[in-house]
Amino acid sequence: MADLLQVRDAPPSHGSQSRLNLVGVVTGGAAQLALVWLTARLLSPQEAGTVFTATSVFLLVVTASPTALVWYLGRQRDVDADGVRSAARLGIVPVVVLTAAVCVLALPVALGVGPVAAAAPRSALGVAAVLLVLTLPAAVVLEPLLSLSRGVHDMRPTVVLDRAGRPVLQVALTVLAALSPSVGTVLAAWCLPYLLCAGLAYLATPALRPPSGPRPALTAGSPGRGRSEAQDPVSPARFRRYLASRAGTSMVQVAFARLDVVIVAALTGPREAAVYTVATRFVVLAQMVQQALATAAEPLLARAGHATRATTAEESVGELYRAATRWSVLLLWPVLCLLAVAPGSWLALFGGAYADAGQVVRVLAAAMALAVAVGPVETVLAMHGRAGVLVWTNLGALGVMVALDLALVPAHGASGAALGWAAAIVCKNLAGLWLVVRLTGDGPVE
């Protein structure tokens, strides 16, 4: 009976988790697409642009919550409940304190002036701003809570609560918001699932609660590995440096997908921001598939990067990197090629108000095809503990995007922003590829 319970409680295998993660990403991606479609259909382009801009600002703040805990736990051969609680204190408490400070500063501003896009009614903007600020703590703590489970090779909470569950719930509540569509009701439908999922993420991590009795170890290593193998305890100071690096990298990465929406809204108005958001959401879906494959491999890459030599082909950095790249190409290149040839097939989903953004789709489809071929270079570097380098490469690419946006958006609108984002995608992926080849000697192909 004890053996049966041990098998039942053990985390799923790497292969099953990859499949589970992919299902979650497909479900969540479809839900996010439905959410953009509903927003574009329920609201005018002006109002939809206000929603997209407000949520973009929100997500720029939320991504200060990084996945450093996966790296921390993934380097340990065995992690018990005390180890998980120790990791939570190191990785979550600073995030909570920082978020509380941000909320204290932001709430009076939200009550007074609301977010950007002043063309919308002041009352709607005020409601939107207050909802976003009050939801911020739950949204920020969600990712670190889920990374505790991923660090011990359990993807299930991440898939159920974040990859799939939260977007699906947002869609369901937005359908209810259709009874009285407005900026405030649509944003409420977008915000509320964060509160529920953060609470469930805490409940899904029993190790965070005081133990009521003897608790079995949560094994971060593969079956058959025990405490006899060398541990690599990470000092709190080193972990905090890594945490800060990952936070900076995460914020820059989301800035690639969201900051340009804010820039377009500021320079040309919410309507053009809505056109740009609708036309470019396929990029976010493609990046979600890439990240799903990379996320499932994170703990194995962390161990392979730490090991003095790979003991099996499955634990080779190069094999893991190339496998994730192959799957990304197989899943995404057919779709990207279709979008590059026939962008109207995508834009027709959202109505005639968005039909003239074909050039935006073509430019970004080509850039994403290159990014997919390069593979998850940033994940490989991060799991090698080189997050600090990623901050600089991402900042450089972000600088390219912002400079091109400021130069091109006033005259070319959404098309100018697409050129800026495409240039940033190319720069950061080629820089990451060069670093991976230099560090590991491995590339996306053998």
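Helix H12 passes helix H14 in a left-handed crossing, a term used where the near helix is turned anticlockwise from the far one by less than a right angle. The model is predicted, so that local features need pLDDT of at least 70 and side-chain atom pairs count only at pLDDT 80 or more, while totals for chains, interfaces and linings use all residues. Residues are numbered from 1 along each chain as its sequence is written, and side-chain values use heavy atoms, with hydrogens and water left out.

The two helices (DSSP runs of H or I, at least four residues, numbered from the N terminus) pack at an angle of about 165°, with their axes 8 Å apart; the axes are lines fitted to C-alpha atoms over the stretch in contact, and angles run from 0 to 180 degrees between N-to-C directions. H12 and H14 are therefore roughly antiparallel to each other, the word for angles over 145 degrees.

| Helix | Residues | Contact residues include |
|---|---|---|
| H12 | 317–341 | Tyr321, Leu332, Trp333, Leu336 |
| H14 | 358–374 | Val361, Arg362, Ala365, Met368 |

Contact here means heavy atoms within 4.5 Å, and the residues of this one divide into 14 nonpolar, two polar and one charged.

Asn429 lies in helix H17 and is buried (under 20% relative accessible area, 1.4 Å probe, protein chains only), at 10%.

Definitions and conventions: Angles under 35 degrees count as roughly parallel, over 145 as roughly antiparallel, 65 to 115 as roughly perpendicular and the rest as oblique. Ala, Val, Leu, Ile, Met, Phe, Trp, Tyr, Cys and Pro count as nonpolar, Asp, Glu, Lys and Arg as charged, and the others, Gly among them, as polar. Buried means under 20% relative accessible area, exposed over 50%, partly exposed in between (1.4 Å probe, protein chains only).
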